[in-house]
Amino acid sequence: MFASLKRLFKNTIFRLSMIAAALFAVSSLIVLGYIYFATVVSDLNRVDKTMELEIDELTKIYETLGPVVLNQIIFDRALPKGASNVGNNTFYVFEYYDEEGNVNGGGNLPAKRFFTDPEKIPFWRKIPGLKSEKTREFEYAVTTISGDNKQTRRARGRLKEFLPSGAKLFIARDVENIMAASEKVTRALLISVAMAIILGLVSGIYMSSRFARRIAAFNKLATDVRAGDLKQRVPRDESGDELDVLAEHLNAMLDHIDTLMVAMRYAGDSIAHDLRSPLTRLHTRLATAGSEVKNKVARKALYEASNDAGELLRTFEGVLRIARLEAGERREMLVPLDPSVVLEDIAELYEPSCEDAGLDFALEIEGKHTIRADRGLVSQAISNLVENAIKYTPSGGAITVRLRKIRSGRSEISITDTGPGIPPNERDRVKERFVRLEESRTEPGSGLGLALVDAVADLHQAKFELSDGPGGEESQMPGLRAALIFPRYKRTK
Amino acid sequence: MRILVVEDDDVAAEYVRKGLMEAGHVVDLAGDGELGLEMAKAADYDALVLDRMLPKRDGLSLLKELRSDGDTTPVLILSALGEVDQKVEGLRAGGDDYLSKPYSFTELLARVEAMGRRSDPTAAVTKLKAGDLEMDLLARTVKREGQNILLQPREFRLLECLMRHAGKVVTRTMLLEKVWDYHFDPQTNVIDVHISRLRAKIDKEFDTPMLHTVRGAGYRLQV
């Protein structure tokens, strides 16, 4: 689940649709903010303004006519104007100190118990606007006429203190209607944003999975082609969209490559045939001539010339063989294989040779292994490496063939000897065709052995690594460790 | 044996014909695929040596045609295309053996003669005998002059292969193919080493050596 989610987020289309949904959400929020400010805030400002004007008016009355008159006016204004104007309530409170110093006055604020502590008002019911010492907000409850369901309403008020007498005037207005209207708009917009995000997500998943399927077809094709299958093509939906056009071009390109490959293979085969036939004839004629000639020197020369022609042919065949391996034509022939059996066979074949050469031979197999491989090719690669080890390791040395599991379950076959090794800077070069180190020029061989091992490794998607043997870098005989690391076997291809 | 060689290269064909005749066989030559098919159908040959690439009709098509007619004559395919999968292709088309160019004549002769004998309708054998060597394929025992010889499994198969072709040359490549099932030529003398171990076991204690090395060709078990 988590992995598939992670994959989903890697999908370009999904990411694009998510970005589109996010952009839509952001722009909706901007619109929402604008509507909020254009309606609620300006309405609240108007209410504030009215209250301000009223306070100014009442302040003038207080200053000119005194608190008793003001109290009378407040009393008049606070009188209920009928039960129907619930939404239009204005609250007044006026408190002052009379000559005896007693608190006098009053107002029409609902009883204290109907107030909600401003601290306890949830944030979504808070009234926006500037907070100042003079403004107060509160909630109060009213019981509507039509029933006895209690309604909590919000109001907003302003406080005016008269100094030095300490009289206080408080005016508040019900703003529940304004708030309710704005909340309705806000809710609708929030729901539409949520819907946009959900729709974006759903359509994103749909479009991205559709896109992913089509891209998967391209990727499968690329993998198949790389594995040597040039006959595969991308299925087209003939829609003419960008992907379809890309598929068309890719298919055309593959057709062209296929044609070229066939032509090249044909040319290669023809060259192989055309060159090999005369070479074979040369080889044959020299051998025939050799058997007819009585002169010993001439006969020896003819046999040697015949052998040289044979060597030439074998080299030629080796090159063709590596070329074919590199083309990956045989990759589909790889089958599940237990490499320990291959190694046991090789060990059995070479153990006597090692013994004759005065070399200790050891085969170490650790654990159970399965690799996808061609027995013949792997055998030949291992055989090349073992033969090299035998050829270059001086008598008294040791050769160890080892099979073990390394990181992430891959199987490693290594052939370690105690010979002169290969200098680190030459290790990549010796895998190329016809490359032979100065030291080995005198030895027989075509310089194709390691190139073939490299080609076989490539075909198996295995790694071919050369490193120092047990002798260590500083020693005269560092030894060579040649390792083939096969990818982990997967049951389904 | 009466052998038909289908090969378009005159020099190679003549070389093969001469060699086979010297070995005591009767040889006919055909220079192209059509002629080869006609001749193979007309006469009863013991073996066919067939080049893969031929004018007029290629070797594999000739072979398929022959096999679809119910002809079971053993066929050795010769080709410059030596890849293992092409060998498989050739063998699937009905070939009995496959030899890639360049080949040495001894290799060809050894294979043709082995093939000819294989087609003999002899019942499945459980015992092999060559001179005073006796091999029991079921009990996996080997005796020489009645004396038991202990062999490793691979040595047993090596000797079995030599005994099945007793008196004839068996090449190193043939041994690698038949005993080890390897279709590549090692650079070193691994086979010689195995042969010398086998030789130590079957010849050392006896007066006359049986296992001979044929220079430049392979080995022969002398009866």
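Colleague: In which helix of chain B is the place of B:R154?
Modeller: This is a predicted model, and the answer is to be read with that in mind. Within chain B, the residue B:R154 has its place in helix α6.

Colleague: Is B:R154 buried or exposed, and what is its relative accessible area?
Modeller: Leaving aside neighbours within four places in sequence, B:R154 is in contact with B:V179 and B:W180 of chain B, and with A:D345 and A:E348 of chain A. A residue counts as buried under 20% relative accessible area, and B:R154 is therefore buried, its value being 15%.

Colleague: How many of the 12 residues of α6(B) are buried?
Modeller: Among the buried residues of α6(B) are B:E155, B:F156, B:L158 and B:L159, and B:R154 is also one of them. The helix is largely enclosed by the rest of the structure, because the buried residues among its 12 number nine.

Colleague: How far apart are the end C-alpha atoms of helix α6 of chain B, and what span should its residues give?
Modeller: The helix covers residues 153-164, and at 1.5 Å a residue its 12 residues should span 16 Å. The distance between its end C-alpha atoms agrees with that expectation, because it is 16 Å.

Colleague: Which strands does α6(B) lie across, and at about what angle does it run to β7(B)?
Modeller: The strands concerned belong to an open sheet of four, in the order β6-β7-β8-β9 of chain B, with antiparallel pairing. Neighbouring strands of this sheet are turned by 25° against each other on average, direction ignored. The helix α6(B) lies across β6, β7 and β8 of chain B, and its angle to β7(B) is about 120°.

Colleague: Which strands stand at the edges of the sheet, given its order β6-β7-β8-β9 in chain B?
Modeller: The sheet is open, with its four strands paired in the antiparallel sense. An edge strand here has a single partner strand, so one side of it is left without a neighbour in the sheet, and in chain B the strands in that position are β6 and β9 (147-149).

Colleague: Which residue takes a positive phi in the hairpin of β6(B) and β7(B)?
Modeller: Strand β6 (residues 127-130) and strand β7 (residues 133-136) of chain B pair over four bridges in the antiparallel sense, and B:A130 has B:L133 as its bridge partner. Two residues lie between the strands of this hairpin, and the one with a positive phi, near 60°, is B:G131.

Colleague: Which residue in β8(B) stands opposite B:E134?
Modeller: Strand β8 (residues 141-144) of chain B pairs with β7(B) over four bridges, again in the antiparallel sense. The two form a hairpin with four residues between them, and B:R140 in its turn has a positive phi of about 55°. Along this pairing B:M135 stands opposite B:V142, while the residue opposite B:E134 is B:K143.

Notes. Residues are numbered from 1 along each chain as its sequence is written. Chains are lettered from A and ligands numbered from 1 in the order in which they are written. This is a predicted model: local features need pLDDT of at least 70, side-chain atom pairs count only at pLDDT 80 or more; totals for chains, interfaces and linings use all residues. Side-chain values use heavy atoms; hydrogens and water are left out. Two strands pair if DSSP finds at least two bridges between them. The expected span of a helix is 1.5 Å times one less than its number of residues. Buried means under 20% relative accessible area, exposed over 50%, partly exposed in between (1.4 Å probe, protein chains only). Axes are lines fitted to C-alpha atoms, for helices over the stretch in contact, and angles run from 0 to 180 degrees between N-to-C directions. Contact means heavy atoms within 4.5 Å.
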